[in-house]
Amino acid sequence: MHIPDGYLSPATTVPAFAAMIPVWGIAINKLKKHMGRKRIPMLALCSAFSFVIMMFNIPIIGGTTAHAVGAVFIAIVLGPWAACISISAALLIQALVFGDGGILAFGVNCFNMAVVMPFVGYAVYRLIAGKSRELSKRTALGAFIGSYIGINSAALFAAVEFGIQPIYFKTAEGLPLYCPYPLPVTIPAMLFSHGLFAGPLEAVVTVSALALVSKYAPDMFNDVYEKSSSNVKTRKVLIGIFSGLVLLTPLGLLASGTAWGEWNPTELKSMLGYIPQGIAKAAGKWSGIIPDYSLAGIPENLVYIFSAVIGIVLIFVIMLVTSKIVLHFKKADRD
Amino acid sequence: MNNVMPELPVWLISPENNYNPKRGRVHFLRKTISGITSVFQTEFLAEKYSDSFGLLQSIDPRVKIITVLFFIIFSSAISNIVVKVMVAFTAILYACFSKIKMIDFLRRVWCYFPLLLFLLSLPAALNVFTLGKPLLYLYKNELYLTSGGLIAAARAALTCGVSLSLGYLLFTTTRMAQIEKALRAMKLPEMFVSVLAVAYRYIFVLAKEANKVIEARFLRTVGKTNAKGERSFASHSIASVFIKSQKLSNDVFDAMSCRGYTGKPVSLEKLKIHLVDYIFIVCNVIIVLILLLGVYAFG
C-alpha cells in the first residue's frame, strides 16, 4: 500500500500533504497533554516497532507472504493519535532511507496508513468492544473486525487516489500522465487483494499480538486503556478533521488539464489574460535556434536525442565546475 | 555496529543464509531475515558515503533538502519523457560527483521499484485501456500494446526512479544527525523531529532483537511447517518485539533523564550557509534553466 512517486500527480500529493499538517498538529498537542515528557522515547520506539513489523513476512493463502502494518494494533494499545505520529515517522524513514513509498507521496501514504487505518480501525474496535478494559471475546472480536475494516478502508482510499488520476490528469491526446488504471480497475484490485489476503492477515496478527501482550504484559495493556478512553470532544475533532479532508480533496482535482509548468503561450494567455513578455521573447528565440525542432534531413527523434545529450553534457560541465569550486573551498577550510 | 568499524565489508555483515534450494518457494523466515539484514546494509552504505569528500557531502543539509524536494516536484510535474531522463541523468551525475559507487546507486535506485512500476503499468498499455498507435501485436489484430500506453508506463517508472535517486542521494550524503538539524532549522515540530531521530536510532536495535528471534527459529526449523503455526509464530514474535520496545522506551527515557534531558534537545553546532552553498544554488538554477529549455523545446 506504500504508494510510490510517479503514480499520483502533484495536484493530489501536495493537497494531501497540506491536509496532514493540521492532523499532525492536533496529534502532537494531544500527545503533549496526555503522555508527558516520556512521550518522545515511547512514540519513537513505537515507530521503530511499526517499521520492524512491516519487515515480518507472514505466510498467507496460496503460498505467498505479506506483511502486517500494525496501525490498528498500535491504535488499540497506545491510542489513535500516538499511532498517527509513530506510523508517520516510520513512513518517513521508509521513504527517505529505504525508498519504500514516494517522498512526494508521503502525505498521501500518511493519510491512508497513519490516519484512515488507525482511526477507522480504532472507531470500529471501540464500537464493538465498548468500555471493556481487558481482553475478552468481545474485545478480541472488536480488534479483529476493526483491523480488517481499518486496512480495507486505507486500501479503498488508495484505490480512489489511484483511480481518479486518469480521469483528471491526462495529456492533450488523452493519455494518462500518472496512474493509468481507472476506478473500475483500481477499486476491485485493491479491495480483492486486501479483503482476501492482507485484511485477514492484519486481523489475525492484531488479535494474536493483543492476546500475547495482555497475557505477558497486562499492565501495559490496561494502563493504556485508561489513557485511550474516547470522549465526545475527541470524536468531534475527528469528525471535523475528516470533513475538512473530504472538502480539501476536490481542491487538488481542480488542477486538471495540462501538467503543471507546461503551459504553452496560448494556455498561459487564457490563464493570466496575457503572455508574459519573457516567454513571448523566449518562444521566438528558441524557434530561431532549431526551427520546428527538426534539422534539415535529420529525423525528428534524432534531433530530440541530440538535444537531450547536449543538455546533459551542459549539466555535466556545470556540475564539474561547481564540484571543483566547492571541493576547493572545503579543502581550504579543512586545512 | 557500523560506528565501530565503518570499513566493514557488506558480505561480512550478511548472515550465512545463502543456501537456496532450486525448487520450492523461499521460506518466510529466510525472507524476513534477509529483509532485516538489508536494513543494516542500508545503514552501512549510508555511513560509508556520508563521510566521503564529495560535492553533495559539502553542502548544507537545508539547501540539499530544498533542492531535492524541488527536483522531485519538478520531475513529477513535467510530462515529457526526454526531460525526465535529463533529470534522472542529473541525479546520476550528482552521484558521480559525490563519489557514490555507480553499482550501489543503480542497484538500489533503478533495479527494483521503477522496474516493478513499469511492469505493473504494462497491462494498461494494452489497447483495452489505452487507445493509440499499435506497437506490438499480442493476439491477432485485436490485442496490442500501444505506443502511448508504453510512454505512460515509462513516465511513471521514470518519475519513481528520479524520486528514489534524489532521496537516496540526500540520505547517503548526509548524516541523520544533520538531517535532524536541518528539519529543526526548517521549523518542523520539535516533537516530530525528536521522534524521528530516536526512532531511526532504535530501528536497528529492534531489528537486531527481531532478527535474533527469527534466526533462533530458523535454525531450529527442520522439515515442513504448517501455515497456521507460522502465522501464530509471527504474531507472537510481533507481540514480543512490542513488549521489548515498550520496556526499551522506559530505559531510554531513564537514560535521557540521567543525561539532563528536560524535554528540549540541545544542539552544540549551528548550521550556517557558506559561500559553497550559494555556488551550489546557482549551479542548480542553471540546471533548472536548461531543463526548462528542454520542457519548452520537447513540448
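Contact means heavy atoms within 4.5 Å. The legends below describe close-up views of a predicted model.

**View 1. Chain B at a glance.** Eleven helices and two strands make up the secondary structure of chain B. Along the sequence, the elements follow the order α-α-α-α-α-α-β-β-α-α-α-α-α. Chain B has 299 residues, and 51% of them count as buried. Now take the contacts in chain B between residues at least 6 apart in sequence: 74% of these join residues at least 24 apart.

View 2. Strand β1 covers residues 134-139 of chain B, and strand β2 covers residues 143-146. How do the two strands run? They are antiparallel, and four bridges join them. One end of the pairing can be found at B:Pro134, whose bridge partner in β2(B) is B:Thr146. Three residues lie between β1(B) and β2(B), and the two strands form a hairpin. Look in the turn for B:Lys140, which has a positive phi of about 45 degrees.

**View 3. Chain A at a glance.** Chain A has 13 helices and two strands. Buried residues make up 54% of its 335 residues. Among contacts in chain A between residues at least 6 apart in sequence, 72% join residues at least 24 apart.

**View 4. Helix α3 of chain A.** This helix spans residues 71-78. Is α3(A) mostly covered or mostly uncovered? It is mostly covered: eight of its eight residues are buried. They are A:Ala71, A:Val72, A:Phe73, A:Ile74, A:Ala75, A:Ile76, A:Val77 and A:Leu78. After α3(A) comes A:Gly79, with a positive phi near 100 degrees.

**View 5. Helices α1 and α4 of chain A.** Helix α1 (residues 10-35) packs with helix α4 (residues 80-97) at an angle of about 120 degrees, and their axes are 9 Å apart. That angle makes α1(A) oblique to α4(A). Their crossing is left-handed. From α1(A), the contact uses A:Val23, A:Trp24, A:Ile26, A:Ala27, A:Ile28, A:Lys30 and A:Leu31. From α4(A), it uses A:Trp81, A:Ala82, A:Cys84, A:Ile85 and A:Ser88. Sorted by class, the contact of α1(A) with α4(A) has ten nonpolar residues, one polar and one charged.

**View 6. A:Asn29 in helix α1.** A:Asn29 sits in helix α1 of chain A.

**View 7. Helices α4 and α5 of chain A.** Here α4(A) packs with helix α5 (residues 106-129). The angle is about 150 degrees, and the axes are 9 Å apart. The two helices are therefore roughly antiparallel to each other. Is the crossing of α4(A) and α5(A) left-handed or right-handed? It is right-handed. The α4(A) side of the contact includes A:Pro80, A:Trp81, A:Leu91 and A:Leu92. Among the α5(A) residues are A:Phe106, A:Met113, A:Pro118 and A:Tyr122. The contact of α4(A) with α5(A) has 15 nonpolar residues, two polar and no charged.

Notes
Residues are numbered from 1 along each chain as its sequence is written. Chains are lettered from A and ligands numbered from 1 in the order in which they are written. This is a predicted model: local features need pLDDT of at least 70, side-chain atom pairs count only at pLDDT 80 or more; totals for chains, interfaces and linings use all residues. Side-chain values use heavy atoms; hydrogens and water are left out. Axes are lines fitted to C-alpha atoms, for helices over the stretch in contact, and angles run from 0 to 180 degrees between N-to-C directions. Angles under 35 degrees count as roughly parallel, over 145 as roughly antiparallel, 65 to 115 as roughly perpendicular and the rest as oblique. A crossing is left-handed if the near helix is turned anticlockwise from the far one by less than a right angle, and right-handed if clockwise. Ala, Val, Leu, Ile, Met, Phe, Trp, Tyr, Cys and Pro count as nonpolar, Asp, Glu, Lys and Arg as charged, and the others, Gly among them, as polar. Two strands pair if DSSP finds at least two bridges between them. Buried means under 20% relative accessible area, exposed over 50%, partly exposed in between (1.4 Å probe, protein chains only).
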